Amino acid sequence: MALATNLLGKLNLRNNLRFQFVVSFVLYALLVVGIFVVVLHSFERTFASEFFNRRISSELQYFEYKYERDSKTPLPVAGDIRSYLGTTKMPDYIKNVVENQNDGIYYLEIDDDKFFDQAKTGSRQGKKIRNSDDIYFGIKTLSDDQKVYIFIDFEYWNQKEHDLRAHYSWSYFVAFLVAILLGIIT
């Protein structure tokens, strides 16, 4: 302890202007990057619902348009959606949730643990749709009274969110290193 006190006394860091500049620069850089990360995260949460609404709505409208011209048109396929024409090929655990719903876009919180217990036997390998128990989907009745169901695949979006958070962390770390280097160099 005495050695550390003696060493700090020799360095006299409190009165060292360069040290104070480095610390100030690092703290400022971390504060700016931290605020930026918080703002991005809040925008992500705020606009996610609107994004999913628009995504489902546009897919439903486009499929209806194509289906009216050709009833053999394929269902929408993308990395972030799952779609079904009718409920016959739909897994039972999803069918039970959407069967009695009218046309529209829905966000449902599923409180039933059985929903995800049933999901474990499906092709999703038991992964929850989101971190919380919820499901986002749209239903559209077509001209021949068939219904198309389009679901957001939250496993896809959870992976994207995880990647984004990793980028946040790395940017925070890089900003910290750059601030230290700039503080030392100047």
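Which residues make the nonpolar surface patch of about 630 Å²? Trp170, Phe173, Val174, Phe176, Leu177, Val178 and Leu182 make this patch. The model is a predicted one, in which local features need pLDDT of at least 70, side-chain atom pairs count only at pLDDT 80 or more, and totals for chains, interfaces and linings use all residues. Residues are numbered from 1 along each chain as its sequence is written, and side-chain values use heavy atoms, with hydrogens and water left out.

The protein has five helices and four strands. Their order from the N terminus is α-α-β-α-β-α-β-β-α. Helices (H or I, at least four residues) and strands (E, at least two) are DSSP runs, numbered from the N terminus. Of the 186 residues in the protein, 31% are buried. Buried means under 20% relative accessible area, exposed means over 50%, and partly exposed lies in between (1.4 Å probe, protein chains only).

Two members of the nonpolar patch were examined further. Patches consist of residues with over 30% relative accessible area and no salt bridge; nonpolar side chains (Val, Leu, Ile, Met, Phe, Trp, Tyr) are joined within 5 Å, and like charges within 9 Å. Accessible areas come from the Shrake-Rupley method with a 1.4 Å probe, and for residues only the protein chains shown count as cover. Val174 lies in helix H5. Val174 counts as partly exposed because its relative accessibility is 43%. Leu182 also belongs to helix H5. Its relative accessibility is 38%, so Leu182 counts as partly exposed. The C-alpha atoms of Leu182 and Val22 are 7.8 Å apart in space, while the two residues are 160 apart in sequence.

Val37 is placed in helix H2. With 18% relative accessibility, Val37 counts as buried.

The second largest pocket has a volume of about 230 Å³. On a 1 Å grid over the protein atoms alone, a pocket is an open set of points with protein on both sides within 12 Å along at least five of seven lines, whereas a cavity is a set where a 1.4 Å probe fits but cannot get out; lining residues have an atom within 4 Å of a point. Grid points are joined across faces, edges and corners, and the volume is the space filled by probe spheres set on the points. The lining of this pocket holds 13 residues. Glu44, Ala48, Phe52, Trp157 and Glu161 lie nearest the centre. Helix H2 (17-69) and helix H5 (154-185) each supply at least two lining residues. By class, the lining has seven nonpolar, one polar and five charged residues. Ala, Val, Leu, Ile, Met, Phe, Trp, Tyr, Cys and Pro count as nonpolar, Asp, Glu, Lys and Arg as charged, and the others, Gly among them, as polar.

The structure holds five salt bridges. A salt bridge is a side-chain nitrogen of Lys or Arg within 4 Å of a carboxyl oxygen of Asp or Glu. Glu50 pairs with Arg54, with the closest N and O atoms 2.9 Å apart. Glu50 and Arg54 are separated by about one helical turn because they are four residues apart in helix H2. Glu50 is partly exposed at 36% relative accessible area. Arg54 counts as exposed at 58%. Lys140 forms a salt bridge with Glu64, and here the closest N and O atoms are 3.5 Å apart. Lys140 lies in strand S3 (residues 134-141) and Glu64 in helix H2, so this pair ties together parts 76 residues apart in sequence. Lys140 is partly exposed, with a relative accessible area of 25%. Arg55, Glu59 and Asp80 are linked in a network of salt bridges.

Helix H3 (residues 92-98) contains Asp92 and Lys95, which are three residues apart and thus separated by about one helical turn. Asp92 and Lys95 form a salt bridge, with the closest N and O atoms 3.7 Å apart. Lys95 is buried, at 17% relative accessible area. Ile94 is also found in helix H3. This residue is buried, with a relative accessible area of 9%. Ile94 and Phe151 are 57 residues apart in sequence, and their C-alpha atoms are 9.9 Å apart.

Asp145 has a positive phi of about 70 degrees although it is not a glycine. Asp145 is placed in the loop between S3 and strand S4 (147-152). At 65% relative accessibility, Asp145 counts as exposed.
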